[in-house]
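Here is a protein chain to look at together, with its sequence and its 3D shape side by side. Take a moment to turn it around before you read on.

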Amino acid sequence: MARPPGVSVRLKLTLSYAGFLMLAGALLLAAVWWFLLRYVPERALIVPGSTENPTVGDIFPVRSNLLRVFAPRAFAVLAFLLVFGLVGGWFLAGRMLAPLARITEATRRVAGGSLSHRVQLPGRRDEFRELADAFDTMLARLDAHMAEQRRFAANASHELRTPLATSKVLLDVARTDPDRDTDALLARLSAVNTRAIDLTEALLLVSHAEQRTFTREPVDLSLLAEEATETLLPLAERHGVTLETSGDITPTLGSPALLLQLTTNLVHNAIVHNLPDGGTVWVTTDTGPGTAVLTVENTGEPLTPELVSTLTEPFRRGTERVHTDHAGVGLGLAIVRTITEAHDGTLTLTPRPAGGLRISVELPVS
């Protein structure tokens, strides 16, 4: 926004310092006059019984003489205080505002696109250094968020290009094949199109959760867990996985639709990435000190902590664990992480010693 030029803060502080110093000097001189000079007599005093006849100004000064001497020197002192206040105030204001100038320069660099720049203000903690540290923290988080968004956009472009390229290949092959099977072609195109739609909806869901454009309502996680397990029960039966749900009423505050999507994603991943046969998924809800906890635990192959730490990244599929025909779009746990963060919660992934994964979502209680 364009603003007209104004008086600098340094000049304002300088004038404030000088004005305060002049006021303090004037008050000091007034105190000298009020408490000292007013008690000086206006005429010479003659002590009764004295044999001498003192003249004015020889033995005891009178008020008029003191004023003639005091007034010019008082004005000289005030003039010195004015000059000293302006020069010293200008220097002190510059020293005090130096950190602010450094923060302003960093802000200009960031506005120019340099998110890697940091203020890094040295010295002990004060208001300016707290501001600089908060600014550096904000820049670090913004830089990491932008890097993640760029990586996410690149991965999303790649993932969306795959079904489109597959559809083009199928159509090109069918166009040059006189003995093409139309039904098989339509089935494969339908599968590719369904995958593209699922991926697009997942991307929209991630964007919606990141913007936090939802209304927070009281939600019972135990009811969401029961609904998700009932919906995915046929999928669990096809994979030979047993679903076990337990827990009491677990109230929290958030979006019922997003939290249901979170729970469904967790249970779906636990079913798909499980043992080939005879696997188990445990879904439990519980309340802790100020938190509502949803835990989804499943059997499976042993996992390393290094692999587990990457599973919430976008388009990071669990195909290293178990290869199935339900690879998904690679956004299941990324959506879970985004929804959890949007609800000010905590997501924890822990590999089970016997194999499989334990995922815990802690949300604030309602």
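What follows is a short tour, from the whole chain down to single residues.

## Before we start

This is a predicted model, so to speak of local features we ask for pLDDT of at least 70, and side-chain atom pairs count only at pLDDT 80 or more, while totals for chains, interfaces and linings use all residues. Residues are numbered from 1 along each chain as its sequence is written, and side-chain values use heavy atoms, leaving out hydrogens and water.

## The whole chain

The protein chain has 9 helices and 7 strands. Those names come from DSSP runs, numbered from the N terminus: a helix is H or I over at least four residues, and a strand is E over at least two. Of the 366 residues, 35% count as buried. Buried means under 20% relative accessible area, exposed means over 50%, and partly exposed is in between (1.4 Å probe, protein chains only).

The accessible surface comes to about 22,500 Å², and 60% of that belongs to carbon and sulfur atoms. These areas come from the Shrake-Rupley method with a 1.4 Å probe; for residues, only the protein chains shown count as cover. Now for contacts, meaning heavy atoms within 4.5 Å: among those between residues at least 6 apart in sequence, 70% join residues at least 24 apart.

Strand β7 (residues 357-364) has β5 (residues 291-298) as an antiparallel partner, with 8 bridges joining them. Strands count as paired if DSSP finds at least two bridges between them.

Which residue does Glu297 meet at 2.8 Å? That partner is Arg352, and the two form a salt bridge, which is a side-chain nitrogen of Lys or Arg within 4 Å of a carboxyl oxygen of Asp or Glu. This pair links distant parts of the chain, with Glu297 in β5 and Arg352 in the loop between β6 and β7, 55 residues apart. Arg352 counts as buried because its relative accessibility is 18%. Glu297 also forms a salt bridge with Arg358, with the closest N and O atoms 3.9 Å apart. Again distant parts of the chain are linked: Arg358 sits in β7 and Glu297 in β5, 61 residues apart. Arg358 has a relative accessible area of 36%, so it is partly exposed.

## A salt bridge along helix α3

The structure holds 7 salt bridges. One of them joins the side chains of Arg175 and Asp172, at 2.9 Å from N to O. Why are these two about one helical turn apart? Because they are 3 residues apart in helix α3 (residues 127-176). Arg175 is exposed, at 61% relative accessibility, whereas Asp172 is partly exposed, at 29%.

Buried residues in α7 include Leu258, Leu262 and Ile271.

Helix α9 (residues 332-342) is mostly covered, with 9 of its 11 residues buried. Among them are Leu333, Ile335 and Arg337. Asp344 follows α9 and has a positive phi, near 60 degrees.

## Around Ser255

Ser255 lies in the loop between β3 (251-254) and α7. Is Ser255 buried or exposed? Ser255 is buried, because its relative accessible area is 8%. Leaving out residues up to four places away in sequence, Ser255 touches Phe214, Thr215, Val219 and His343. Val219 is 36 residues away along the chain, yet the two C-alpha atoms are separated by 7.6 Å.

## A nonpolar patch

On the surface, Leu11, Leu15, Leu82, Val83, Leu86, Val87 and Trp90 form a nonpolar patch with about 610 Å² of accessible area together. Patches are made of residues with over 30% relative accessible area and no salt bridge; like charges are joined within 9 Å, and nonpolar side chains (Val, Leu, Ile, Met, Phe, Trp, Tyr) within 5 Å. Helices α1 (9-35) and α2 (63-111) each supply at least two of the residues, and α2 gives the most, with 5. Trp90 lies in α2 and is partly exposed, with a relative accessible area of 40%.
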